[in-house]
Amino acid sequence: MQPHVIEVSHLYKAYQTPAGPFPVLADVNLQVAQGDYVAIMGPSGSGKSTFMNILGCLDMPSAGSYVLDGYAVATMAADEVARVRNKTIGFVFQGFNLLARSSLLDNVALPLVYAGLGKEERHARASELLKKVGLSKHMQSRPNQISGGQQQRVAIARALVNQPRLILADEPTGNLDSTTSEEIMAIFDGLNQEGITIVLVTHETDIAEHARRQIRFLDGKVVEDTSHQAQSGRVG
Ligand code: ADP
Ligand code: MG
């Protein structure tokens with residue numbers, strides 16, 4: 001059996017607000033095997049982004065454990081968490097989050113600045129990845145000179161630059177038309193075939209069907225997980 005890249009147990013999250021704690025996630029339990037392809041669905045406000053931010057170590061749970069690639073990140077110091085995150089995870093966001101004033105090449109190469117690589121090596125690796133997502137002709141363009149689908153390709157290339165074993169994508173096709181969404185999903189499909197674990201959030205059934213496993217959130221709980229259907233149908 002493949003080891004788990006994600007192991008979440010009894011995870012709780014409440015945001016601190018002026019009116020007091022606002023509970024969002026309640027007793028989430030989830031394991032994701034290396035190489036899995038998971039789509040998270042559920043209504044707006046059900047806690048999907050909160051969960052993704054915790055998986056991505058951008059936020060901490062209020063209680064419970066999260067083991068990422070064997071590391072109990074919820075109990076580790078921030079700088080160690082950052083190290084594990086940077087070598088393990090690539091993020092893709094709905095809004096692409098590219099630097100407007102930088103070339104596509106520099107956008108993709110940016111994470112390698114933090115990894116301490118020299119310019120030549122950074123640009124070599126970034127151009128290889130831009131080629132991989134079909135943008136070799138646009139390396140020197142700025143984000144506003146290309147389409148939304150192309151911008152998301154750049155964001156995927158950037159997410160891949162540290163050779164992560166896990167890609168987390170929060171509504172990566174949320175701003176794209178359906179044809180462009182399918183093109184983006186074809187890239188995720190190919191990455192999963194290469195062995196990269198993918199967890200993505202989507203509202204659309206067509207998009208979720210690209211994944212091998214579908215999970216549904218409702219009111220901060222997992223109410224459905226297709227990987228459990230053979231044993232027990234609905235869970236939670
Ligand atoms: P989803 O991604 O499923 O739409 P979110 O995780 O973004 O859901 O939000 C879940 C709930 O938590 C919502 O009610 C949202 O308003 C609330 N929420 C999200 N972020 C914060 C925050 N930083 N502070 C307080 N409440 C928040
Ligand atoms: Mg969200």
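Which order do the strands of the open sheet of four strands have? Select them: the order is β2-β1-β4-β5, and the pairing is antiparallel. Strands pair if DSSP finds at least two bridges between them. Strands (E, at least two residues) and helices (H or I, at least four residues) are DSSP runs, numbered from the N terminus.

Before going further, note the ground rules. Residues are numbered from 1 along each chain as its sequence is written, while chains are lettered from A and ligands numbered from 1 in the order in which they are written. This is a predicted model: local features need pLDDT of at least 70, side-chain atom pairs count only at pLDDT 80 or more, and totals for chains, interfaces and linings use all residues.

**Stop 1**

β2 and β5 (71-72) stand at its edges. Each has a single partner strand, so one side of each lacks a neighbour in the sheet. Now select β1 with β4 (residues 63-68): five bridges join them, and they run antiparallel. Tyr-12 has Ala-63 in β4 as its bridge partner. Val-8 stands opposite Tyr-66 in β4.

Move to the β4-β5 hairpin. Two residues lie between the strands, and Asp-69 in the turn has a positive phi of about 50°. Leu-68 has its bridge partner, Tyr-71, in β5.

**Stop 2: ligand 1**

Select ligand 1 and its shell, meaning residues whose C-beta atom, placed from the backbone, lies within 6 Å of the ligand. Among them are Tyr-15, Thr-17, Phe-22, Val-24, Lys-48, Ser-49 and Thr-50. Gly-42 and the run Ser-44, Gly-45, Ser-46, Gly-47 also belong to the shell. β1 (4-17), β2 (20-33) and α1 (48-55) each supply at least two residues. α1 gives the most, with three.

Colour the shell by class. There are three nonpolar, eight polar and one charged residues. Here Ala, Val, Leu, Ile, Met, Phe, Trp, Tyr, Cys and Pro count as nonpolar, Asp, Glu, Lys and Arg as charged, and the others, Gly among them, as polar.

**Stop 3: the six-stranded sheet**

Next, select the open sheet of six strands, in the order β6-β7-β8-β3-β9-β10, with mixed pairing. β6 (89-93) and β10 are the edge strands, each with a single partner, so one side of each is left without a neighbour in the sheet. From one strand to the next, the twist averages 20°.

Pick β3 (residues 37-41) and β9 (residues 213-218). They run parallel, joined by four bridges. Val-38 stands opposite Arg-213 in β9. Then follow β9 into β10 (residues 221-225), an antiparallel pair with four bridges. Leu-218 faces Lys-221 as its opposite residue in β10, and Ile-215 stands opposite Asp-225. Their hairpin has two residues between the strands, with Asp-219 in the turn at a positive phi of about 50°.

α5 lies across β6 and β7 (166-170), at about 165° to β6. α6 (residues 178-193) lies across β3, β7 and β8 (197-201), at about 150° to β8.

**Stop 4: the core**

Which residues have the most contacts inside the largest nonpolar core? Select Val-38, Val-108, Leu-130, Ala-157, Ile-167, Leu-168 and Ile-198 in this core of 63 residues. A nonpolar core is a set of buried Ala, Val, Leu, Ile, Met, Phe, Trp, Tyr and Cys residues joined through C-beta atoms within 7 Å.

Zoom to Ala-157, found in helix α5. Is Ala-157 buried or exposed? Ala-157 is buried, because 28 other C-beta atoms lie within 10 Å; buried takes 20 or more, exposed 12 or fewer, partly exposed lies in between, and C-beta atoms are placed from the backbone. Beyond four places in sequence, Ala-157 touches Val-108, Leu-129, Leu-130, Lys-132 and Val-133. Contact takes C-beta atoms, placed from the backbone, within 7 Å.

Finish on α3 (residues 104-114). Its buried residues include Leu-104, Val-108 and Leu-112. Their cover includes α4 (119-132) and α5 (148-160). Just after α3, Gly-116 takes a positive phi of about 85°.

How values were computed: Contact = placed C-beta atoms within 7 Å. Axes fitted to C-alpha atoms, helices over the stretch in contact; angles between N-to-C directions.
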